[in-house]
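Have the sequence and the 3D view ready.

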Amino acid sequence: MSDTDKPNKSNSLIWGILFVIGGLMLVWSMSTSRTGQVWVTPEHHAFSDTGEVNDNNDAVWKSIDPTAATTTDITWTTYEVVPVSELIPAMIDSGDATLSWSRTIGLWLSAIFTLFILSFLVGDNPAYKFAEAMVVGTSAGYVLVISIWDVFIPNLLGKLFPAMVQGWSLPGMDASAPAELLYIIPALLIVMLLWQLMPSGGWISRWPIAFFIGVTAGYRMIGYVEADLVAQIKAGMVPLWVTGDTGEFDFWLSFNACLLTIATLSAMVYFFFSIEHKGLVGKVAKVGIWFLMITFGASFGYTVMGRIALLAQRLEFLFGDWLHLI
Amino acid sequence: MGVLTILYVSALTVAQSPEPPTNLVVADTPNDAGKSIDVNWTLSPSDIFAESASDTAIPDPEFIVASYHIERKTVASTDSAIISDENKQWRQVSESAAGEATFTDRTVLLGWSYEYRVNSVDNQGNQSTWAIATGSVAPSMQWFNGSKAWLAIFMFVFCGLVVFFVNAARSGKKLWVREIAGLSAIDEAVGRATEMGRPVLFVLGIQDINEIQTLAGLTVLSRVARTAAEYGAQIEVPTCRSLVMAAARETVEASYLAAGRPDSYQPDRIHYLTDEQFAFVAGVTGYMVREKPAACIYMGGFYAESLILAETGNYIGAIQVAGTAMPSQLPFFVASCDYTLIGEEFFAASAYLSGDPLQIGSLKGQDWGKLVAVLVLIIGIFLATFVSKSGNQDGTFKSSLDFMKDHMLGNAGLYPTIDENLEGDDS
Amino acid sequence: MYRILKDLDRRWIFLAMFLAVAIPVLARLVFPEVVSKQAKMVFDAIDDLPDGSNILLAFDFDPASQGELLPMAQAFTRHCSIKGHKQYYMALWPLGSPMVDLSIDTIEDEYPDMVYGEDYMKFSYKAGGEAVIRMIMQDLRGMFPLDSKGTQLDDIPMTKNIKNIQDMDLIINVSAGDPGTKQWVQFAATPFGITTVSGCTGVQAPQMYPYIPEQLAGVLGAIKAAAEYEAAIDEVYPSIAANKKAQEAKRRMGPQLVAHSMMIVFILVGNWIFFVARKRGEA
Amino acid sequence: MKRTVPLAIAIVAGFVLLVANFIPYAEDWSLTAQEWFNILAVGAMLLGGGNLIKLHLMKISSKKAGWGYSAVTILCFFLVIVVGLLQMGVHPSPNYPDFAWSGYVLEEGSGLWWIYAHMVVPLTSTMFAMLAFYVATAAFRAFRAKNTEATLLLVTAGIVLLGRTYAGVWLFEGWLPESMQWLRFDNLTVWIMEIPNTAGTRAITIGIALGVVATSLRILLGIDRSYLGQD
């Protein structure tokens, strides 16, 4: 959005200020602590074949003490992060804590990407565009991978080919379950939907799309009528004469109830399109729009609050996780 | 001595466990597809939540009920299906915390028969004797879900109104809809752009063509394009989806044709930028700052980018008119635009402009639906106020109010049953 | 003055905003929290349940909203864990599944006595949004044949007797959009009458108020409500009050206060410019 | 085939879902339809990925301005797919250590986890955090009390902004008499949320609900066929 800002002296001034502040912080924190380093401690796992078999005729393995593991056992190591505040030299000397290069590089990358995106505030630049291109690619790829492992395989392949999926990726499944051939239909629908990527025959994807739209229309209709219409009318049915705990008339509670009713009804009048907004109706609609404005004001305040929290979290990451300043 | 021993022994046996729950009643869950059974009991006297415990005797502190165990035995199956050995025995199906006296067993099968028993357990694990339900029960399917009867009636009313007015509009009946004030603001904005010799920017939101807000935006675009064609102003439409671009081109071309100036139509000014939200905004705001359009019109489905667009438009001093049904984005448009079509008003504007019987008929039907809602609401408020003012808890008003809340707007069924009336239950 | 402000480069405003957030973050400003009504309602909904109740924690948010919602989600996890509730986690946003893992890490670190499969468990991500909610209200296994570790639900103690989500005593939804609280209200809380509480982003919170108290037992709106909820837990459970990690939302209220005040100043100065300009006939 | 079958599919599917709420007999059909729907939703995600590739490949082949960024996007996309589908760095499930593919793809330390934690998280969350800055400039340059409505909105927003921080309490500490405590911004905010906001939102909610009923009904009755396209 550099276009909104004239190239002038303030441009380089802001850049300058940011660089100086950033540089000073980095130098200071690197001289005082293990800035941007991630230390991990290894955790060994070992499993041994018990010789028993489960319902699927697969071997049952049990977790054993890693130090007692033999060559026939399966072992691997995972790593746990040690917070830098808890890191003591003795741990490093004994080899209990090691510097994790992959995570340290990852941390620096995270910080650099964060700065790349923030650089857009100073002006549009290649770094931002690069980061933006990466967001699109990585998140789309991620969503695809997750939906394949979490939905496509257990919910579709697992039903069509239970024995195959059990023996390959989901050993916890029941291998003897019969294949449910009815699931060929959703599989076919998916193929038809993907047909859209083909250069011709785009109409084929209308079948799954029609199914999508029909199902959505069906459940939304009920959901909205029940929760947003009937239940809302019920919730609006408040007595305008409110008595407190002692049974006495409570002025403020009654005032609030009256106001709630007036506001609801007048705002609904504003959304009537069959009557001209003139005379009494016009005045009521005017009151209605005032209450709508208060509603929007509240929404405005809450939205601002949310956006600032997001920024605070990013800065906490930069200053805390990366630079160890807090 | 013998008597004493007997007394001692009996006291010991009583004191070794909490008292069992009583009145175990098991029944098929009504209004369902035969997939569950309701289990109800009366709390054990050793339960501190039991009513009898609070006013009469305080339960023995050693044996206060911690939970209830619910056990089930399958006694008969359908179609000679085999009942597993585990299910032929009593087996625990759930554990309810102290104070709870109901449980719905949803792990039963339609048509099979089951027996139930419940006991109480204290913190040390001491179990009471079993309360056993008399006879077995089989879940059954009902043909109609009576608890939703009134919901069905409301659905019929609202749908009927929409269908009626859509049909009326299609058969050529003129349905009147009030003029939307914001539309004249759009004409003014286009007029001023013409005077200043600067273009008009029209943004259709970032949703795709299948979204109703985008379609409503296109209807408004056709009006704006027509006014622009008549005045001789330039109109610029960047889009976030390629399909929206195609539709916008068709719309604008038709408008120029209708205005009698097909030669001034420039398809290149309606162009697709990118699908990415923030990249799209960067492109549009870049254009705004370079070309300084005199009028910016935002009509469609917007998300967080609304704020950035409206801010830039304000900065370049353009007249801004917006319309969206996204409640969370409305505040930003209202605060920074000269005129905003709020929610339904946006759709009404689209219906008003298009003259499409489908849209106008729907709008009319919705208006009448709203009227029904307002009437029910007012009657309810009247009843509630009257009941509260009079303090009368068993008059006609009270029972009418309960009927409205529990039956019409609740899940208690079409009409009150006899025993419910007697109890005067208010939940 | 008016001239300077009127033509102010907007990057100065960016810088001011940056400092308004950065300085309190660095200075670790923390302010006291007064527990408001909504936070108390949410707290009570969870606290009043008997220990060991079934609670569905539906986390419908992604990293983009974690600044607002993660502290809240963690607070829910801690509160449920200290009460010994059985926790069923699920995520309907593809990017949100690892957010649940963070809560599970918290349980493993801070409540090592809790056992996976007996006290807490996780369902994996499923596509379909609101349609998933609608479906699991009647048939859990149709959608989730397995948990996230690939074990059949019948082989997990805490899901063995769970047929569908109607068996839950409470639904806690942490929501950043669609699917989110609105969908849980429409397809779970209203038709089936299951008590539901929500923690949602500031954008959504005002739209949830009409559902209170019948359809929603309480709403936590954005980070402020999360801070109040943390304070409410601290009052009752000193062990959590001593945990520094459990005070994240409260810590984030420092930048919030300064930045909000800055926003007010911006609006006031902006309008002052507007009125002066109008007087001079420039606007 | 092109129009009639899809129309029939939409109508039948919609009515099954609708009717199942009232007639328990149809419940199982509606559950089947929903299960298919959710599986199909994965298809929609695959389609989204496919469209993305198509779009960016087109950009690259036509050497449009900025095609290099499209290459970055595609590269990242395939990198994630390869790392994720091959389960790089994922250990087997501890229950089945002999099944190499039984692990959790997002396990801490795995390849996909690394990409998620160090690329997806910082990029997406910073993207959204930028809105804090835009809100600030918008406050300064765009939010004007140009009429009664906008003034009302801004005043409410101001009260809520202060009321949702400690400032709402602090500003009034010490000088406000006990009987006027309701004027404190935090108390005022609670009132605004519970009374005017609830009322205004309720009116909007009811209106939207009726709108959804009307649009859904038009689809179920086959009146609105815009989703079937032009030919």
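## Salt bridges

Across all chains of this predicted model, a search of the whole structure turns up 36 salt bridges. A salt bridge here is a side-chain nitrogen of Lys or Arg within 4 Å of a carboxyl oxygen of Asp or Glu.

Which chains does the pair of Arg106(B) and Asp167(C) link? This one crosses from chain B to chain C, and its closest N and O atoms are 2.6 Å apart. Arg106(B) is buried at 14% relative accessible area, and Asp167(C) is buried too, at 13%. (Buried means under 20% relative accessible area, exposed over 50%, partly exposed in between, with a 1.4 Å probe and protein chains only.)

## A pair inside chain C

Lys83(C) and Asp51(C) meet in a salt bridge, 3.0 Å from N to O. Lys83(C) belongs to helix 4 and Asp51(C) to the loop between helix 3 and strand 1, so the pair ties together parts 32 residues apart in sequence. (Helices, H or I with at least four residues, and strands, E with at least two, are DSSP runs numbered from the N terminus.) Lys83(C) is buried at 10%, whereas Asp51(C) is exposed at 55%.

## Chain C as a whole

Chain C has 13 helices and six strands. Of its 283 residues, 70% are buried. Its C-alpha trace spans about 75 × 40 × 35 Å along the principal axes.

## Reading the numbers

Residues count from 1 along each chain as its sequence is written, while chains are lettered from A and ligands numbered from 1 in the order written. Local features need pLDDT of at least 70, side-chain atom pairs count only at 80 or more, totals for chains, interfaces and linings use all residues, and side-chain values use heavy atoms, leaving out hydrogens and water.
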